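Student: Could we go through this structure together? I would like to begin with how its parts are defined.

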Amino acid sequence: MEQIAVLADILHSQIWLPVWHKFIGLFDLNGRMGILFLGISGLVAYGVFHWHRRRGYTQAGTFWSYLGGRRVWWHASARLDYQYYFVRALLHVAVVAPLLVWLDPYLLHSAEVTAGLSQWWGEQPWRGEGAGLMLGYGLGAFLVADLVHYWVHRAFHGRWLWEFHKVHHSATVMVPPTASRIHIVEKLAEKLCKGTALALFAGLFFYLSGGKVSKYTLFGVSYMTLLFNSLAANLRHTHVWLSFGPVIEHLINSPAQHQIHHSRDPRHFNHNFGTNLSIWDWMFGTLYVTTSRPEPLAFGVGEKDNLRYQRMSTLILRPFWVTGLKVWRALQGRLPSVRSARRRVE
């Protein structure tokens, strides 16, 4: 009986609770997939549908067919995204969270940064925690996180990390849960990079302000997160073309820009790595701006991998196998040159 109780406790804490929290997350404001943000995106999509019909950009007779209908929303790729949305919660509990706990003593923390600066330059007087300071801290943290995400995203488009990011791009149709089709290796790397950058930023900000500062929040959520999630963010991973126009798209990433990023057309490759802001793409030469006229797009990464990544096991395990083979071949290619160098020395 004791073993059964232990097993039941493990099942409850390691499986049921993570899945349940992922489900109830649909009803809060902390994630993009909240009902409120899905509703806002749906209303915006409905307005875009009628605007596109008036301009002759779509031949869809109904809003449902404009969204893609069953062809998109019950496609094998979409069904896998619905499943992975919950499976990733289990992977987080089983893999990501334990690794973060294990690494925590070796990671940089804001208190260490503040203490180091205070030791070098002396303590700063406490400036209070007014709304302006809180707004500044929230804006700064948002900008730092967004910039780090841009560079992590670019890194995962590189040779050695692409197989892990290919998981996300293997979606052949896009629905809002496609945003969660992120491999745990990429998610872990992003958390570590963002955590380090935010520790540096927060430590410096706390030092200059003379003490800790809270983010300005609305309904318990960072006001910047609330703002950008309200800009029809869920349409990024859909087939609804919503462009903000060339001027605004130099600053803010539109759903159309992210759809361009997912395009299989070679002329769209390596563009629009930003998530919320496109200013980073503008600054670093990867910007692609759109217009109100939809561009014909096809999503995915090629026929073979599109088929391979229709299975949950492949989605999780294949990137390790393919990346391991890449590393092995690279090492094998270097061995002959190393042997030749040794012979020359001898």
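Predicted model: local features only at pLDDT ≥ 70, side-chain atom pairs only at ≥ 80, totals over all residues.

Student: Which helix holds Glu190 and Lys194, then?

Tutor: Both residues lie in helix H9, which covers residues 184-209. They are four residues apart, about one turn of the helix.

Student: Is Glu190 buried or exposed? And what about Lys194?

Tutor: Glu190 counts as buried, because its relative accessibility is 8% and the cut-off for buried is under 20%. Lys194, at 21%, counts as partly exposed.

Student: How many salt bridges are there in total?

Tutor: The count comes to ten. One of them joins Asp305 and Lys166, at 2.7 Å from N to O. Asp305 lies in helix H13 (residues 303-308) and Lys166 in helix H8 (residues 162-169), so this pair ties together parts that are 139 residues apart in sequence.

Student: Are those two buried or exposed?

Tutor: Asp305 is buried, with a relative accessible area of 11%. Lys166 is also buried, at 8%.

Student: What about Arg267 and Glu295?

Tutor: Their side chains meet in a salt bridge as well, at 3.1 Å from N to O. Arg267 is in the loop between helix H11 (255-261) and helix H12 (279-284), while Glu295 is in the loop between H12 and H13, so the pair links parts that are 28 residues apart in sequence. Arg267 is partly exposed at 49%, whereas Glu295 is buried at 19%.

Student: Changing topic: which residues form a nonpolar patch on the surface?

Tutor: Ile24, Phe27 and Ile35 do, with about 280 Å² of accessible area together. Ile24 belongs to helix H1 (residues 2-24) and is partly exposed, at 32% relative accessibility.

Student: And the protein as a whole?

Tutor: The protein has 346 residues, of which 43% count as buried. It contains 14 helices and two strands. Among contacts between residues at least 6 apart in sequence, 73% join residues at least 24 apart.

Conventions:
Residues numbered from 1 in each chain as written. Heavy atoms only, no water. Patch = residues over 30% accessible without salt bridge, like charges linked within 9 Å, V, L, I, M, F, W, Y side chains within 5 Å. Areas by Shrake-Rupley, 256 points an atom, 1.4 Å probe, with all protein chains shown as cover. Salt bridge = Lys/Arg side-chain N within 4 Å of Asp/Glu carboxyl O. Buried < 20%, exposed > 50% of the residue type's maximum accessible area, 1.4 Å probe, protein only. Contact = heavy atoms within 4.5 Å.
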